Number of protein chains: 2
Amino acid sequence: MDAYNITIIGGSGIVAQEFLKILEERDIPTGRIRLLATHRSAGSVVHFRDQKIIVEETTPDILDKNDEIVFLTATSDLSLQIAPIAKGHGSFVVDDSSAYRMDPSVPLVIPEVNATDLEWHQGIISQPNCTTTPLVLALAPIHATNPLQHIVVSTYQALAGAGGKAIEGLRSETKAALAGKSEPSGVQPREIAFNAIPQVDVFTENGSTKEELKMLNETRKILNSPDIALSATCVRIPTFFGHALSIWAKFKNPINPLVARQQIEAMPGITILDEPETGVYPTPLDCAGIDDVLVGRIRSGNSKHELMLWAVTDSIRKGAATNVLQIIQEAAKRNLIRKS
Amino acid sequence: MDAYNITIIGGSGIVAQEFLKILEERDIPTGRIRLLATHRSAGSVVHFRDQKIIVEETTPDILDKNDEIVFLTATSDLSLQIAPIAKGHGSFVVDDSSAYRMDPSVPLVIPEVNATDLEWHQGIISQPNCTTTPLVLALAPIHATNPLQHIVVSTYQALAGAGGKAIEGLRSETKAALAGKSEPSGVQPREIAFNAIPQVDVFTENGSTKEELKMLNETRKILNSPDIALSATCVRIPTFFGHALSIWAKFKNPINPLVARQQIEAMPGITILDEPETGVYPTPLDCAGIDDVLVGRIRSGNSKHELMLWAVTDSIRKGAATNVLQIIQEAAKRNLIRKS
C-alpha cells in the first residue's frame with residue numbers, strides 16, 4: 001500500500017489509539033499522521049512508531065488537500081460538520097459514526113462482505129456499528145446461497161463501545177460495589193457494575209433504541225436485502241472489551257448446522273471456536289486485541305430453517321479500527337484513494 | 001394456613017435461607033422447622049424468628065411422618081434419593097431440582113399459572129427452573145387467549161443461580177481482575193469476572209445445554225402446550241442476583257403491544273416497569289429481594305404477531321424460594337397437605 005497521509009478526528013480516543021497500534025503491528029506504510037481532537041485534548045502527545053505526535057485541535061479550517069485519508073471517530077455531529085469539508089478537499093473519508101450510514105450516496109462497508117460497494121463511493125465511506133459487523137460477517141456467507149429471512153439477536157455489549165471514560169466508570173463503580181457502596185459514575189443510564197442495562201443509545205418512539213434500529217437498517221443495507229426482518233435487543237453488561245451476540249436466524253431454505261459451520265469458517269475475518277463439549281466457545285475475555293470475529297455454539301433452532309450461534313468481537317478492533325484499516329487497504333488496492 | 005412442620009434439605013444453602021426470610025417477612029405460621037444439609041454443614045446454627053436451629057446431616061432415615069412438608073433444594077441426585085422416602089412417609093414434597101420436572105406423574109407448578117395442576121399431585125411437586133418461571137409468568141396471560149407459537153430467548157443469568165460459593169467466586173475474581181490479575185475461582189467453566197459465558201449447566205449432544213432444554217420442555221409442560229417452539233441461549237454474566245431475559249415471542253393471532261402490556265400487568269406476580277423514554281425499565285440491581293417478576297421494554301417485533309419484552313427476576317425469590325412458598329400455600333388452601 002502507498003504511504004498515505006492519514007488524519008484522525010477523535011485522535012485521542014480509544015479507537016484512534018487502537019488504529020495506530022494496528023498500523024504498527026501490521027507494519028503498514030504511512031505518510032504524515034495527524035491526530036485532531038477537542039480543545040481539551042489538544043497538546044497531548046501520542047507515541048507512534050519512533051514519532052511523538054502532538055494532538056491538535058479540530059477546527060473547520062485545519063484540513064486541506066494534503067489530508068489524503070480522513071478517519072472520523074468522534075461524534076455524529078462532528079462527522080456531519082467535518083466530512084463534507086474533507087470530501088471537498090478530495091480526501092478519502094472513512095466515518096465511524098452513524099451520521100452517514102443510511103445515506104444512499106455513502107457505501108456502508110465490511111470489506112469481507114461488500115468491498116465492491118467501495119467502487120461507487122463519492123468521497124465518504126461509512127462503517128457499520130460495532131454490533132452489526134460481527135452479525136453480518138457471520139451470517140453473510142450463508143445468506144450468499146440461502147437468503148436470510150429473519151434474525152432475532154440479543155447483545156451483551158462491553159463498556160469499551162461507549163469510550164474510554166465508560167471503561168473507567170465500570171472500574172470505579174465496581175470498586176465501590178465491592179465495598180458495599182452504590183456510586184453510579186454516570187457513564188451509563190444506570191449503575192453498570194454487577195448489572196445489565198437494556199439500553200444502548202437513546203430510545204425511539206417505536207420502543208426500540210437507535211442501537212437496535214441500526215442493526216436492522218445496516219444489515220439490510222450491507223447485504224442489499226431490504227426485506228430481511230431483524231428484531232434486536234441491545235444490552236450493556238459489565239465487561240470491558242468484547243461485544244457478544246446471541247443470534248437466532250431463519251433462512252429461506254433448510255440449513256444443516258455442519259454445512260453452516262463450514263460456510264462460516266470459510267469466511268475471512270472469522271475464527272470458529274466451537275467444541276462446546278470440551279468447553280471451547282468464545283467469551284468476551286478471549287477477544288481483546290483480536291481482529292477476527294469469534295464464532296461458536298453453532299446449532300439448529302426448532303426447525304430445519306433455523307440456525308443459532310454466538311459471536312464475540314473486540315468492539316474496538318473488528319468493530320471499529322480493524323474494519324477501517326481494511327476499508328482503506330481495499331480502497332487503496334482499487335486505486336480509489338487520491339494521492340495529494 | 002395451618003402451622004406445618006417443614007423440613008428443608010439443602011438447609012444451609014442460599015435458597016433455604018431466603019425461604020426462611022420470606023416466612024418471617026410474611027409472618028407465615030410454622031410448626032417444627034428442620035434444616036438438613038451435608039455432613040460438612042451439620043452443626044451450624046441458623047437463626048429463625050426467636051429460634052436457633054441447628055443444621056442436621058441429611059441421612060436416608062432422618063425423615064419420618066412428622067415431616068409434613070419436605071422442601072428439597074440440594075442436588076438432583078439427592079432429590080432422587082430422598083423424595084421417594086419422604087413421599088413414602090406421606091410428606092408433601094416440593095422439589096427445587098430438575099430431577100422430577102419432566103416426570104409425567106409430577107406437577108410442575110407456577111401457582112399464578114397452573115395451580116390446578118396441584119390437584120393431581122402424588123406426593124411430589126416440582127418447581128420450574130429459575131429462568132423458566134419469569135418467562136412463563138410473563139407470557140402465560142397472553143397465551144391464554146392468543147396461543148404462543150415460538151419463543152426465542154436469551155438469558156443474562158446471575159451467579160446466585162449457581163449458589164452461594166458462586167457469589168463469592170465472582171467477588172474474588174473481580175477483586176483480582178481490578179488488580180490486573182486473572183484468578184479464575186472455578187465457580188464457573190471460565191473466569192466470570194468482566195466476562196459472559198454462554199454455558200449454564202452441561203451440554204447435550206444436540207449442542208444445547210441442559211439449561212436451554214429445560215426452558216423448552218418446562219414451558220411446554222407448564223402451559224400444557226407441547227407444540228410451542230422455543231430456542232434458548234443461556235448465558236452467565238457477572239451479576240450477583242437478578243436473572244434477566246430478552247424475550248421474542250410469536251403468537252397465533254396479531255398482538256397489540258399495548259393490549260399485551262395490559263394483559264401482563266393484570267397477572268399476579270408481575271410488576272411492569274416500562275417507561276423507557278424516562279429511563280424506566282428493570283435491571284438486575286432493581287430486583288434483589290423482590291418477589292415479583294419485573295417486566296419492561298414491551299414492544300412489537302417485525303410483524304403484528306410478534307412481541308418483545310425484557311424480564312428481570314430475583315432467581316432466589318420468584319425463581320426459587322417465593323414460588324415454593326406459594327406452592328405450599330396454594331396446596332394448603334386446597335387441603336392437599338396432610339397433617340401428621
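1. Let's start in chain B, with helix 4. Its buried residues are B:Thr132, B:Thr133, B:Pro134, B:Leu135, B:Val136, B:Leu137, B:Ala138, B:Leu139, B:Ala140, B:Pro141, B:Ile142 and B:His143. In other words, helix 4 of chain B, which runs over residues 132–143, is mostly covered, with 12 of its 12 residues buried. Keep in mind as you look around that this is a predicted model.

2. What does helix 4 of chain B pack against? One partner is helix 7 of chain B (residues 257–265): the two helices pack at an angle of about 115°, and their axes are 8 Å apart. The crossing of helix 4 past helix 7 in chain B is right-handed. On the helix 4 side, B:Ala138, B:Pro141 and B:Ile142 make the contact, and on the helix 7 side it's B:Ala260, B:Gln263 and B:Ile264. Sort the residues of this contact by class and you get 5 nonpolar, 1 polar and no charged.

3. Stay in chain B and find B:Thr313. You'll see it in strand 14, which covers residues 306–314. Is B:Thr313 buried or exposed? B:Thr313 counts as buried because its relative accessibility is 0%, and the cut-off for buried is under 20%.

4. Who surrounds that threonine? Setting aside neighbours within four places in sequence, B:Thr313 is in contact with B:Cys130, B:Pro134, B:Phe241, B:Gly242, B:His243, B:Cys287, B:Asp292, B:Val293, B:Lys318 and B:Gly319.

5. Now hop over to chain A and look at helix 9, residues 317–333. Where does helix 9 of chain A bend? The bend is at A:Asn323, and it comes to about 40°. Helix 9 of chain A is mostly covered, with 15 of its 17 residues buried. Just after this helix, check the backbone at A:Asn335, which takes a positive phi of about 55°.

6. Last stop: helix 1 of chain A (residues 14–25) meets helix 9 of chain A. Their axes come within 9 Å and cross at roughly 55°, so helix 1 of chain A is oblique to helix 9 of chain A. Helix 1 passes helix 9 of chain A in a right-handed crossing. Helix 1 of chain A brings A:Val15, A:Glu18, A:Phe19, A:Lys21, A:Ile22, A:Leu23 and A:Glu25 to the contact, while helix 9 of chain A brings A:Arg317, A:Ala320, A:Ala321, A:Thr322, A:Val324, A:Leu325 and A:Ile328. By class, this contact of helix 1 with helix 9 in chain A has 9 nonpolar, 1 polar and 4 charged residues.

Methods
Residues are numbered from 1 along each chain as its sequence is written. Chains are lettered from A and ligands numbered from 1 in the order in which they are written. This is a predicted model: local features need pLDDT of at least 70, side-chain atom pairs count only at pLDDT 80 or more; totals for chains, interfaces and linings use all residues. Side-chain values use heavy atoms; hydrogens and water are left out. The bend at a residue is the angle between axes fitted to the seven residues ending there and the seven starting there. Helices (H or I, at least four residues) and strands (E, at least two) are DSSP runs, numbered from the N terminus. Buried means under 20% relative accessible area, exposed over 50%, partly exposed in between (1.4 Å probe, protein chains only). Axes are lines fitted to C-alpha atoms, for helices over the stretch in contact, and angles run from 0 to 180 degrees between N-to-C directions. Angles under 35 degrees count as roughly parallel, over 145 as roughly antiparallel, 65 to 115 as roughly perpendicular and the rest as oblique. A crossing is left-handed if the near helix is turned anticlockwise from the far one by less than a right angle, and right-handed if clockwise. Contact means heavy atoms within 4.5 Å. Ala, Val, Leu, Ile, Met, Phe, Trp, Tyr, Cys and Pro count as nonpolar, Asp, Glu, Lys and Arg as charged, and the others, Gly among them, as polar.
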